[in-house]
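The report that follows describes a two-chain model, taking each chain in turn before the contact between them and a few selected sites. Please read it alongside the sequence and coordinates.

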Amino acid sequence: MNLDPALLARIQFGFTVSFHIIFPTISIGLAMFLAITEGLWLKTKDPLYLQIYRFWLGIFAMAFGVGVVTGIVLSFEFGLAFAKFSQMAGPAIGPMIALEVLTSFFLEAGFLGIMLFGLHRVGPRLHFLATCMVALGTLLSASWILSANSWMQTPDGIEVVNGHVVVTDWLKVVVNPSWLYRLPHMLAAAYITGSFLVAGVGAWYLLRGEHVAFGRRTVSMGTAFATILIATQVFIGDILYQKMLQLQPAKMQAAEGFWDKQSESPAPYYWIIVPDQEHQRNRFALGTPVLGSIGLTHSLDGRVEGLKNTPIDRQPQMGWVFYGFRVMYGIAIIMFGVAVASLWLRWQRRLFTTRWFLRLLVVMTPSGVLATLGGWYLAETGRQPWVIYGILRTIDAVSPVPADALLSSLIAFVCIYGLFGTSFVLFAFRIIRRGPQDALKARMVYAPVSGNPVPAE
Amino acid sequence: MDLPLLSALFAAFALSLYVMLDGFDLGVGALLLAQSDEQLRDRMVDSITPTWDGNETWLIMAGVALLAAFPIAYGILLPAFYLPLIAMLLALGLRGVSFEFRYQAESGRQAWDVAFGFGSIIAALMQGFIVGGLIRGVAVDGERFSGSVFDVFQPFSLLVAVSVLVGYMVLGGGWLHLKATRNLRGFAERSLRLTTPVFVALAVATCAAASYVQPGVSDAWTSHPVVLGLIGLLFLSAAAALMQAIGGPLALRPFLLGLVLFALGVAGLGVTIFPDIVPFRMTLWQAASASLSHVFLLIGAAIVTPVVLAYSAFAYRVFRGKTPDTGWEL
C-alpha cells in the first residue's frame, strides 16, 4: 500500500488539533464562568454560588487536564510532522508561542493548584484571585495562539530570506490584519460554549425535578450570558466575514458553495451541496432561492462570486470549507433562536417551567463545541493549499518522516485520545448524575482515613 | 551582544528546570508501581498534584524556545526523534489525565494508577533515548534530518534511558522523603537506598560508553579535563552525601542533593556539546533565527520569567509541609 506522508501528516495534525480545541474551548468558557460565580459568591455570600462553583470546578479540572496534555503534543507536532514549516516560520511563530507559554501556561499552572485545592489554605479572597488568574491565563493563551494562527492566515511584518522568515516588524506580526477580528470571535465562541454547557445541565436537573435551586440559578445565568454573547457574536461574525472576503477571497468563495465566477441572479443560499472539485461544479445543490442575494450582497438580485475566481492550484477543497461554515452558521442561528425564546420566557416568568424549552437547552448542551469545531474547519481548510497563506504550501512543509511512522503514530493517537475522550464524557456524566450536592464529596473521596469530609463552609 | 548564546542559555535554563522538577514528578509516578497500598498511592499522587502542571510546562518552554531561536535545529531534531517523542507525548498525556481521572474513578482507580506509573516510566525512558540519540549524533544533510527514525534505538541510548529513569526515581524518592510521614517515609528511604547507588553506577557507565560511541565526547574530555573532572567529583560527593542523609532529621536534604545530581548532569552534558545545538553537527549560531526573533523572545523571557518563578514558588509555599493524610481539601 502506498501512503502519502503529506496526507498522513495532515490527517494526524487535523485529528490531534480538532480533539485538542474542544477542551480549551470548554475551559476558556468555564474559567470565566467560574470567576464570575466566585465573584458573585464573595459579593452576595449566597452559598448557592459556592455550590455552583464547586460543581463546575470538577468538570473544568478534567477539561483543563485533557486540554493541557493534548496541547503539549501540538507544540511538538509542528516539528514532528511539519519540519519545513517550523524551520521557515519558527522565527515568527516560535517567539509568539514562547510568550504564550510564559504569560499564560505558567499562570494557569501556577494558580490551578490553588484554585482546585487551596480554598482553605489561602482564604476566599486570595482564592478568588487564583480563579481570576486562571481565567486570565486562558484568555491570554487564546490571544497568543490566535495571533500565531492569524499570522498564518494573513502573514505580515516579515520578509523571506533564503527560505527563512525574517521578522521586520513585530507589531505587524502580532497585530496582523485578521487577528483583531478573529480573537473576539473565538473568545465569544468559547464563552457561548460555556454558557450552553451550564444552561443545559441546569435544564436537565429542572426537567427531572432535582436540585431545583441549582438548576434555576444556572439556567438563568447560562441563558443570560448566552443571550448577550450571541447577540455580540452576530456582529463580530458579520464584520469578520466582510474582512475575510477581502483578505482570503478563495476561502469565502468556497464557503458559499458557488463555482461560477458570478452566480446566477438572484442567488440562492445553499444548505446542502455535493461539490465536484475536479469538474469545478456541484453535482447537487439545495438552497433557498433569493436568500443568497439578500444575505450575502444585501440586495434582491446581487450575484455572489464563485470559486472559479481562484486558479485551480490555489483553491481549497470546497466540501470541507462549505460544511465547516454551515455547521457553525446553522448552530449559530439555532442559538440565536434559543436566546430570543429565553428572553420571551424570562419576561413571561416561565423560563424554568417551559418543558420544551428546557429540553431544547439539554439538546444544545454541546452545541458550542460543535459550532467552534465547524468554525475552525472553515478557517483551516479554507486556508489550503497554503500552510502560511500565499507563502508556503502545506505540501512543501512536511517532515522527512516515512509514511509508516506517521501511520503508526496516527493509530496510537486515535486509540489514546479515544480513551481520553470516552473517560472525560463518562466521568462528566457521572459528576452530573451525582448532582451538585455531592460535588464536594466527589472531590473528597480521598478522605477515607479521617472519616467525614469537611462540610462546605 | 551574542543573542543566540543568550537564547541558548534560556532554553538550557528551561530544560534544566524541567528535568529537575518534572523529574521528581515522573519519579514519584514510576515508584507508584512499586507501592501496593492504595492509600499510600493516593498520598504519593497527592504530594505532586497541586504543582505538576507547572513543572511540565518547562518542557513546552524549552521546546518552544528551541523553535523560536533555533528553528533549523528544531526542524532537524524533532523528525530525528519522531518515535521516542511521540511515545513520550502519549505517555505524558496518559499520566497527565490520570491525575484527574483517578480522582473520578471509584472502582477503576488501580487501572489509572497503572496507567500513571507506566506513563511516567515510558516518558522517562523516551527522554533518555533522546539524550542518548543526541550524544550519538543524528544524520544531517543540509538543514534536513537524513537518517532513519529508528536510528535512535541503540544499546547506548537504552543505557542512557535506564539511567534517566533511575535518576528520576532518586528525585521522586527524595521528594517523598520530604513530603511523606510514617509508612510512606519508610518506603521513600528504602527506594532511595536502592536507586541512588544504581543511578551512580549507571551514570558512570553512561560517561564511559559515551566516550566510546562518540569521539566528540572524548574530545571534550581532552579539551575540558578540569571542568568535567570537577563535575564528576562533585557528582560522586553529592551522591555519597545523599546516601548519608537518607532517614536523617533533615527531610529536605536528599531531595536537594538529588537536584544537585541532575544539575551537575545537565552541566556536564552542556560542557560536552557546547557550542553545538545539534551535537557534533551544527553550532547554535548556524541554526539560529534572525536577531529580531531573539530580541522578542529574550525581552519577553527577561520580564516574565522572574514573575513566573515568584508565583510558582508561592504555589509551592501554599502546599508546603507534609502531604495531609486526608488529601488536599477543596
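## Chain A: overall build

In this predicted model, the secondary structure of chain A amounts to 14 helices and 6 strands. A compact globule of 457 residues would have a radius of gyration near 23 Å, and chain A, at 23 Å, agrees with that expectation. Taken along the principal axes, the box filled by the C-alpha atoms of chain A comes to roughly 70 × 50 × 45 Å.

Of the 457 residues in chain A, 54% count as buried. When contacts in chain A with a separation of 6 or more are considered, 75% of them are accounted for by residues 24 or more positions apart.

## A hairpin in chain A

Strand β1 of chain A, which covers residues 158-161, is joined to β2(A) by 4 bridges, and the two strands run antiparallel. Within this pairing, Ile158(A) stands opposite Val167(A) of β2(A). The two strands form a hairpin with 2 residues between them, and Asn162(A), which lies in the turn, has a positive phi of about 50°.

## Chain B: overall build

The secondary structure of chain B consists of 12 helices and 4 strands. Its radius of gyration is 20 Å, close to the 20 Å that the globule rule gives for 330 residues, so chain B is as compact as a globular protein of that length. The C-alpha atoms of chain B fill a box of roughly 55 × 40 × 35 Å along the principal axes.

Buried residues account for 59% of the 330 residues in chain B, and among the contacts in chain B between residues at least 6 apart in sequence, 78% join residues at least 24 apart.

## Two buried sites in chain B

Helix α2 of chain B spans residues 38-48, and its buried residues include the charged residues Arg41(B), Asp42(B) and Arg43(B), together with Met44(B), Val45(B), Ser47(B) and Ile48(B). The buried residues of α2(B) pack against several helices of chain B, namely α1 (3-32), α3 (52-69), α5 (82-104), α6 (109-136), α7 (155-179) and α8 (182-213).

Helix α8 of chain B also holds Ala203(B), which is buried because 23 other C-beta atoms lie within 10 Å, where 20 or more are required. Leaving aside residues up to four places away in sequence, Ala203(B) touches Ser163(B), Phe235(B) and Gly265(B). Ala203(B) and Val164(B), although 39 residues apart in sequence, are 8.7 Å apart in space from C-alpha to C-alpha.

## Contact between the chains

Across the interface, 66 residues of chain A are in contact with 62 residues of chain B. The elements that give two or more residues to the side of chain A that touches chain B are α2 (47-81), α3 (83-117), α4 (119-153), β2 (164-167), α13 (403-434) and α14 (439-443) of chain A. The largest share of this side, 22 residues, comes from α3(A). By residue type, the side of chain A that touches chain B divides into 44 nonpolar, 17 polar and 5 charged residues.

## The nonpolar core

In soluble globular proteins, nonpolar side chains tend to be buried together. The largest nonpolar core in this model has 271 residues, of which Trp56(A) and Ala65(B) touch the most other members. When residues up to four places away in sequence are not counted, Trp56(A) touches Leu30(A), Phe33(A), Leu34(A) and Val198(A).

Definitions and conventions
Residues are numbered from 1 along each chain as its sequence is written. Chains are lettered from A and ligands numbered from 1 in the order in which they are written. This is a predicted model: local features need pLDDT of at least 70, side-chain atom pairs count only at pLDDT 80 or more; totals for chains, interfaces and linings use all residues. Two residues are in contact if their C-beta atoms, placed from the backbone, lie within 7 Å. The radius of gyration is taken over C-alpha atoms; the globule rule is 2.2 Å times the number of residues to the power 0.38. A residue is buried if 20 or more other C-beta atoms lie within 10 Å of its own, exposed if 12 or fewer, and partly exposed in between; C-beta atoms are placed from the backbone. Two strands pair if DSSP finds at least two bridges between them. A nonpolar core is a set of buried Ala, Val, Leu, Ile, Met, Phe, Trp, Tyr and Cys residues joined through C-beta atoms within 7 Å.
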